[in-house]
Each structure stands twice: as C-alpha cells, then as structure tokens.
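Take a look at the model below. The text after it goes through the parts one by one.

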Amino acid sequence: MSLTRSYPADHAASLQDPEEFWDAQARQLAWFQPPPRPVLSQDSTTGFYHWFRGGQLNTCWLCLDYHVENSRADQVALIYDSPVTHTVRRYTYRELLDLTSRFAGGLRQLGVERGDRVIIYMPNMPEAVVAMLACARLGAVHSVVFGGFAPHELAVRIDDAQPRVIICASAGLEFDKVIPYKPLVEAALQRAVHQPAAVVVLQRAFCPAALSAAHDADYQTLLQAAPVAAVPLESIDPLYILYTSGTTGKPKGVVRDNGGHAVALKYSMAAIYGVQPGDTFWAASDIGWAVGHSYCVYGPLLHGCTTVLFEGKPVRTPDAGTFWRVVQDHQVRVLFTAPTAIRAIKKEDAAGALARQYNLRSLRHLFVAGERCDPATYEWAGRTLGVPVVDHWWQTESGWPMLATLVGYPDMPAPKAGSAGFPVPGYDVRILDEAGQSVPRGITGLVAVRLPLPPGCLPTLWQDDARFRSSYLETFPGYYFSGDGGYHDADGYLYIMGRVDDVINVAGHRLSTGEMEELLAAHPAVAECAVLGIACALRGQVPIGLVVLKDGQTPDEPQLEQELVQLIRGQIGALACFRQAAVVARLPKTRSGKILRKTLRQLADGEPFTVPSTIDDPLILDEIRQVLERRAIGQAFDNPPASR
Ligand code: COA
Ligand code: AMP
C-alpha cells in the first residue's frame, strides 16, 4: 500500500492498522535488511514503542549512495547560497558522497565509531551537512548545537552527550558581524567536565582560528582521508540527539532513530509537501533546529530532491527581497520558513514590491511552522506570493509535522488562516481537558496524541527514560502530551494557540522561561523573579523579567537591568532576545505561594483576564501594570536591541 491519494482513507488506515500502513511506507526505502513483522514493538522493560526493530539500513547511504547508484549522481543535491559571504556553490550527489565518505574516513582516524557522539557547532554551511552525514555513515550519533547558543549552553550539552569529537567552524556571520566560534567552544570546554578527544575546526577565511591546543584538528586535513563505506545499522540505532528547551535549565536530549526517521521523512516529502525527486526544496531554517535537520538535510536528500542551504537572514542580507531572489535563482518549488521571517520581510516591504522584482513561477507552496502564524501574516504572504500558504504544526520531539494541509493529497480541504490544518496520517490528535476528557469543538484544551506515535517521533530522551515518561507520557496515560493548547473548529480544522508550560517561542526559537528564571535568581540582588513571554509583533514572543529585590538592596535600576540582560546573553545567548527587566515590589501569587505567571502575561499583553480568586492581594496587579506602562514594555514592534 503506497499513498491512496485520499487523505481521509490514508489517515483512517494509519490509525486502524498502523503496522500495515507504515510497513508499506517502509518499502519505499532501500533497506540493507528489510524490517521483519511486527514492524511496531514495545520494549519489554520500558514499555516504549519502537519502529522497524530488526531492520538494517544506513541513513547516509539512503541520502547519497542510493541516488548515485540510481541515476542521480550528477543531479545537484545541495545548493549553498550565502549572501553574507557572497557565495553560491552547488554539489552534485556524487560530489556530496565523495566529501562525506572522505570526511567519515577522517572522523574514523580520530577514533569515531558507531555509537560515539559527535557535537557539531557550525553555521549553515555545506561542511556542516557533510559532518552530519559523515556521522550517520559511521553510525556515530551527531548532536548539532545551534551556533547562537552561548558557552554555558554548549557545555551543558557536552556534558550530557559526552562527545568523542566536537566539530566547529572558526566563525559565523550575523549580518556583517563576525562571531568567532572557536573561543566559544574553548570557553564551553573550560566549563564542561567531559572533554572530547578532538576538536575539528573548519577555517573560514574571514576569521581563521589559532589551532594550538593538543586536541585541535583541521577539517580540510580530515577531508584528505580515504573514503569509507556506510556501516549497516539497526533501525532503532540513534541517528542523532537534538537538545531542546524544557521547563528547567537542563535541556531535553531528543533522540531520533534511523529507521523510523527515514520512513517518516520520505513519506512526508510527497504526502505533506507534494514534492517529487528532482524538485528543489528550501527550508530557510538553521541546521541547529529540528526543521534544519529534517528539511534542510535528511528529508530532501532521502527523497532525491535538491536542497537549498541558506546562510543569511530574510532581511538586510542584503534586503527584504533576498528570499525571493533565492526562489528565482534556484527554481525553488517549496519554501518553508517561520512566520517571524515573513513578518520581518513584510515590515520592510509592506507593498510586496521586492517580490514583484523576481520571477517566482517555480514556487508552488509556502509552508510555515515554528510558532503560530497570525492571520495577517498568513494573508499577506498569500497575496504577495500568489501561492497557497500552509501553516503546519510540529515539534522537535516529533521531528516531522503532526498537523498540516497535506498538499500531496488531492482531496485535502484548502488551508484556513490561523489553523495548522488536520492530523497527518499516523497522528491521532486529541484536544483534552485537564481530566483527560475530549473537549467539544470550539473549546480550547490541551493537545495530546494517542499512542503509539508514528515512525520518526522520539523513542525516548537521551539517557533519561524517566524524564521522557514524566514529561510526555504521565499527564494523560495512553497519550503523548505536547505542551501546547489548541482547539478544533466546527469544520474539524485544528488551531494551535501556544504553550501551556514554561516554554516560549522567540522568532520560532524554543526557549525555557524556567531556565531564565533560574539564571536571574542567581543574581546577588534578586530575591525572586518571573520571566514571561510577552507578545512581540516581530518575533511572536519575547521574554521579559520582573524581579523583586532582596531586602536592603538599592541598586541603580538601569544598571541592574543591564546586568540581568547580560546574564541571559552570556549564559543562554543573544538569540533569547531578553532585553528588558523591571524591578517590582512584589509578585502576585496564589495563597499557596505559586507565582501567577499566566495572569502576569495577560496583564502585560493587555488581554482581558479575570483576577484569580486564589490571589493573595489583587492590588499587586495594579502596581505591576504601572511599572510596565512606565517602562513602555511590550509596546514596540520589536523589543529594543540590547547594548553589546
Ligand atoms: N550565532 C550568533 N548569534 C546569533 C545567531 C547565531 N547563529 N543567531 C542569532 N544570533 C543573535 C543575533 O545576532 C542577535 O543578536 P543581537 O541581540 O546582538 O542583535 C540575536 O541573536 C537575536 O537574533 P535574531 O532573532 O536572529 O534577530 P535578528 O535581529 O538578527 O533577526 C529576524 C531578526 C526576524 C530576521 C530573525 O529572527 C529571523 O530570521 N527569524 C526567523 C527565524 C527562523 O527561521 N526560525 C525558524 C526556526 S525553525
Ligand atoms: P520546536 O520544538 O522548537 O519545533 O518548537 C515546537 C513548538 O513550536 C510547539 O510546541 C508549538 O508551541 C510551536 N509551534 C510549532 N509550529 C507551530 C504552528 N504551526 N502553530 C503554532 N505553534 C507552533
């Protein structure tokens, strides 16, 4: 059974007989050893689900060797378009295979073998993709850390993943600002307990790093190694770990297996995105995020597409027409980006004049995800580009979309502004109340997915089965709990309204307010604090801090704010966009002492709210309203840039 071309039929079949449905999808791939039945099993000790146990494959082989052996050797596999370095480079499948198999050989010389972890801390560059694929070739488990994270965050990931090797670039570019990465790696290694055997550095001409320490190795030198063949791996062997923000300072290490991941992504390329092998697909994301893993690298390559890897921003590289230039130059068929990127473009080119300067005839669909897409942005994008805009919902944990308008099915209802669409085959998405009962249509509840999850979703958290269980499986027994709130409308469309926990989305980047609170609370002047994600017209949400001082502390407030801002920039990174903190006399709490964060956020956003009956003193809310008004917090298009 491949696609029936009927969404309702496939969705129903995927839930009624998941084994049959996914076994059929698995047969679209060239396994070294096809998975035996049953393709879905439960671990006898943990009870967690596994897909395709007993099957053998290699994800790198499927992404590269398979296409070289099946008449795509000279097709372009990857286009690197970097307006920040004024570079465009194309790599055929044959060339990408050659580089990857050599780099895998170089990694093996450093002792990297199946099961070893490798951290990759690089900007969007082909060499980063080669590093990911080379790990996959060897069966080493890569963990890409977004280049915007500060040394503290990198160190936490080093200690958790315990990599044998770290691969980094000497530097990245944020617009024209040079960010030297190597010193950040060194700073992280000074904090980390675990030390890797080697740090591989890709030198960039605009900012080479001094290679002095005994553990440094040169990326280009490793590329001289003899090529190595792909190692046959078990389907359930981990392909990568991707850390994502939870509600505390310790990020969650989302594990992705090889077999389920390959099957799910291959299916998604045709069913969700409607692309065929040979088409050009562009996910304008960073390889440090789940979208980057799935749709800059693995999905398009598994499907035999040409993927575009973009090193730049939607604006000022050099202007707000840069996305449209890339679509034109590379004949992009599907563009996938975050609503924030569209809002940034719209701000600079509200009339869409730049879009009209380019030939966008190749483009069939614009997909958006990562945060809620507000209807105004949705409508503007559709009008400006003249193609359907498809909002779809997913998480690092799922690794591929859970809700979408699947454009590969001709009988799919048209997308609606504000909605993330319908459940993707494999996902039984429910809206529940706190007691786990389904809520009626139109009522907002908690978004959960009935178990088992389809292939591709996380089997567990890296070396933390207990946290996997407590974070996702215990809220509603028999379900995966997403942490999002949402509702169905009368026509069955689903709407995702945002997180119901201490996680926020800043420009499509997922961050923990709980972690920020832990950091602010460590400041010597701070007695207690609350970090809230308030609405931002550009980035969707941005964090602000409200701090109560310790008795006897009388710091200069602007100075204290700068210290708190620098604390978050230094520990998490500038990407958090934590730029405002205000001193308040008290924080509103329930009588049992719980800070009323939701009420504070509603207050800051000017949303109507009922004063909770459990609040210890309602007057506190008026005091805080006055502070926010005096500081004009939340009233600009974007929060003010931090002083560096
Ligand atoms: N390395 C180092 N620093 C980084 C970084 C990186 N890889 N990425 C971001 N930063 C820094 C930026 O330099 C900026 O620092 P500043 O406060 O000193 O100016 C800060 O983090 C915030 O970055 P960003 O949110 O990218 O803001 P911006 O002003 O540079 O760009 C947008 C604004 C809207 C253009 C940008 O946020 C954007 O492109 N958003 C879309 C994001 C996206 O595609 N997300 C999808 C994930 S699936
Ligand atoms: P991440 O794990 O970084 O991909 O972030 C996942 C979170 O982003 C989800 O839990 C949602 O809160 C949010 N998100 C992703 N896509 C959407 C969407 N289409 N609509 C609303 N929120 C989204």
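Into which domains is the protein chain divided? Domain 1 covers 7-312 + 392-486, and domain 2 covers 507-637. Keep in mind that this model is predicted. The C-alpha centres of domain 1 and domain 2 lie 34 Å apart.

Start with the interface between them. On the domain 1 side, 18 residues are in contact with 14 residues of domain 2. The size of an interface is often given as the accessible area lost when the parts come together. For domain 1 and domain 2, the buried area is about 1200 Å². Carbon and sulfur atoms give 43% of that area.

Now the polar side of the interface. How many residue pairs are in polar contact across the interface of domain 1 and domain 2? The rule finds seven, with both residues at pLDDT 80 or more. It also finds one salt bridge across this interface. Separately, look at Arg510, which forms a salt bridge with Glu397. The closest N and O atoms of Arg510 and Glu397 are 2.8 Å apart.

Arg510 leads on to ligand 2. A polar side-chain atom of Arg510 lies 2.7 Å from an oxygen atom of this ligand. The protein covers 94% of the 500 Å² of accessible area that ligand 2 has on its own.

Ligand 1 comes next. It has 27 residues around it. Glu174, Lys313, Arg539, Arg569 and Arg579 come nearest. Arg569 places a polar side-chain atom 2.9 Å from an oxygen atom of ligand 1. The protein covers 89% of the 940 Å² of accessible area that ligand 1 has on its own. Backbone atoms take part as well. In Gly148, a backbone N or O atom lies 3.4 Å from a nitrogen atom of ligand 1. In Ala507, a backbone N or O atom lies 3.4 Å from a nitrogen atom of ligand 1.

How values were computed. Residues numbered from 1 in each chain as written. Chains lettered and ligands numbered in written order. Predicted model: local features only at pLDDT ≥ 70, side-chain atom pairs only at ≥ 80, totals over all residues. Heavy atoms only, no water. Polar contact = N/O pair within 3.5 Å; in protein donor to acceptor, adjacent residues only side chain to side chain. Areas by Shrake-Rupley, 256 points an atom, 1.4 Å probe, with all protein chains shown as cover. Domains from an automatic or database assignment. Contact = heavy atoms within 4.5 Å. Buried area = accessible area lost by both parts, 1.4 Å probe. Salt bridge = Lys/Arg side-chain N within 4 Å of Asp/Glu carboxyl O. Near = heavy atom within 4 Å.
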